[in-house]
Amino acid sequence: MSASVDDRVNLLGLPRAELEAFVAARFGAKPFRARQLLHWIHRRGASGFQEMTDLAKGFRAELEAAATIAVPQIVASRSSSDGTRKWLLRMDETQGIETVFIPEPGRGTLCISSQVGCAMDCGFCATAVQGFNRNLSAAEIVGQVWLARHELAAAAAAAGEVPQPITNVVFMGMGEPLANYRNVLPAMRILLDDLAYDLSRRRVTLSTSGLVPQIYRLAEDCNVALAVSLHAPNDALRDQLVPINRKHPIAELLAACWHYLERQNGRSVTFEYVMLDRVNDQPEHARQLARLLRGRPAKLNLIPFNPFAGTRFTRSPDAAILAFRDILNDMGVIATIRRTRGDDIDAACGQLAGRVRDRVLVRLGTKLGRTPAEAIP
Ligand code: SAH
């Protein structure tokens, strides 16, 4: 690889308006050129300009000089016994991010990352342990969807099957999406664009630990489903579990959620609640939670805690989770239990850590004629 920095623009991260501005400014091209590009890149999965046969040869050459379609590199990929797939994508020499595909009857959910690491410091989350490294660019966020589609199609072709579709995208991988607002917003626009991934606004979900000012901003900018990591029914406990609560307490957070729904004409907010044994799973917690949310456009998603190396928490027993759900339902709050998927490959909620193991090992793997993916157990 050459040492010079590639200053070509990565088109993967440009939503329609920016792509139109780009082709106009660089080539004096009409907006429909941008629409063609969107379609080729995202819908047809083109990775180069030469395959875009309905673009003039001269234009393709100009594009090649000024732009790229650069997708992240896969370092490792794993499949769970339940069909869940996880890809570790290289972001730099030692750091990666993880993207997870969860197939279900009639739908396929892709869980994408928005940052390398995370700065929110929630004690029960594996991503928090690695700290914050950097924000992903819009191209790196969309690149995960591009790549997953590509990989699912390749796997299906090899097996002579129909590819599993990605019907839903959730920002529930590594990172706090609202802390990377600048890049998450254009990425969401591309996911929603009918010429690109054409996902409906109910099938793109942004999950946040509770960055209140950005929830108000999002209410003005984009229409997607909102999920909020609540995890505690009172400020004293939430201050401990989700430190951002010390800055934006529960009442403020809920007010922002209701505002968001009103502004976006949304149906409900999904509140995520990780079930931690004897920490937040007592009947009194369920009753407090029900008093907080009943009569509101809210759904609760109870997530059995997924352990990771070094954590001090344990998962609530099944009986406690069921009892918790029943109290909520009896008090008029819709609560469901999230089925754990992909935990045998550390792909379940809160287990994504994205470490690209020792790069020497990766190089060695390549030298020995194996792919880097095989070099990493
Ligand atoms: N930062 C965003 C996006 C991450 S979403 C957010 O906090 O919402 C990942 C979801 O999994 C969040 O609800 C998170 O709280 C939850 N989670 C984190 N660690 C977990 C663990 N170990 N077990 C189960 N769920 C966990």
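Q: Is aspartate 193 buried or exposed in this model?
A: Keep in mind that we are looking at a predicted model. The relative accessibility of aspartate 193 comes to 12%. The cut-off for calling a residue buried is under 20%, so aspartate 193 counts as buried.

Q: Which side chain does aspartate 193 meet in a salt bridge?
A: In general, side chains of opposite charge can pair when their charged atoms come close. For aspartate 193 the N to O distance in its salt bridge is 2.7 Å, and the partner is arginine 16.

Q: How many residues apart in sequence are the parts that aspartate 193 and arginine 16 tie together?
A: The two side chains meet in a salt bridge. Aspartate 193 sits in the loop between α6 (181–192) and β10 (204–208), while arginine 16 belongs to helix α1 (residues 16–27). The pair therefore links parts of the chain whose separation in sequence is 177 residues.

Q: What is the relative accessibility of arginine 278, the partner of aspartate 277?
A: Aspartate 277 and arginine 278 form a salt bridge with an N to O distance of 3.0 Å. Aspartate 277 counts as buried, at 18%. Arginine 278, in turn, counts as exposed, with a relative accessibility of 67%.

Q: Which residues do salt bridges with shared partners join into one network?
A: A search of the whole structure turns up 14 salt bridges. Another one is the 3.0 Å contact of aspartate 277 with arginine 278. Salt bridges that share partners make one network of Arg16, Asp193 and Asp194.

Q: What is the relative accessible area of arginine 8, which meets aspartate 6 in a salt bridge?
A: The side chains of arginine 8 and aspartate 6 come together at 2.9 Å, N to O. Aspartate 6 is partly exposed, at 45% relative accessibility. Arginine 8 is partly exposed too, and its relative accessible area is 34%.

Q: Which strands form the edges of the open sheet?
A: The sheet has 10 strands with mixed pairing, in the order β3-β4-β5-β6-β9-β10-β11-β12-β13-β14. An edge strand pairs on one side only, and here the edges are β3 (73–79) and β14 (334–337).

Q: Which residue in β6 is the bridge partner of proline 103?
A: Strand β5 (residues 96–104) pairs with β6 (residues 107–111) in the antiparallel sense, over five bridges. The β6 partner of proline 103 is glycine 108.

Q: Where does pLDDT stay under 50?
A: The protein chain averages a pLDDT of 92, and 93% of the residues score at least 70. Where pLDDT is low, the predicted coordinates should not be read in detail. The stretch with pLDDT under 50 has 19 contacts beyond four places in sequence, and covers residues 358–377.

Terms used
Residues are numbered from 1 along each chain as its sequence is written. This is a predicted model: local features need pLDDT of at least 70, side-chain atom pairs count only at pLDDT 80 or more; totals for chains, interfaces and linings use all residues. Side-chain values use heavy atoms; hydrogens and water are left out. A salt bridge is a side-chain nitrogen of Lys or Arg within 4 Å of a carboxyl oxygen of Asp or Glu. Buried means under 20% relative accessible area, exposed over 50%, partly exposed in between (1.4 Å probe, protein chains only). Helices (H or I, at least four residues) and strands (E, at least two) are DSSP runs, numbered from the N terminus. pLDDT is the predictor's confidence in each residue, from 0 to 100. Contact means heavy atoms within 4.5 Å. Two strands pair if DSSP finds at least two bridges between them.
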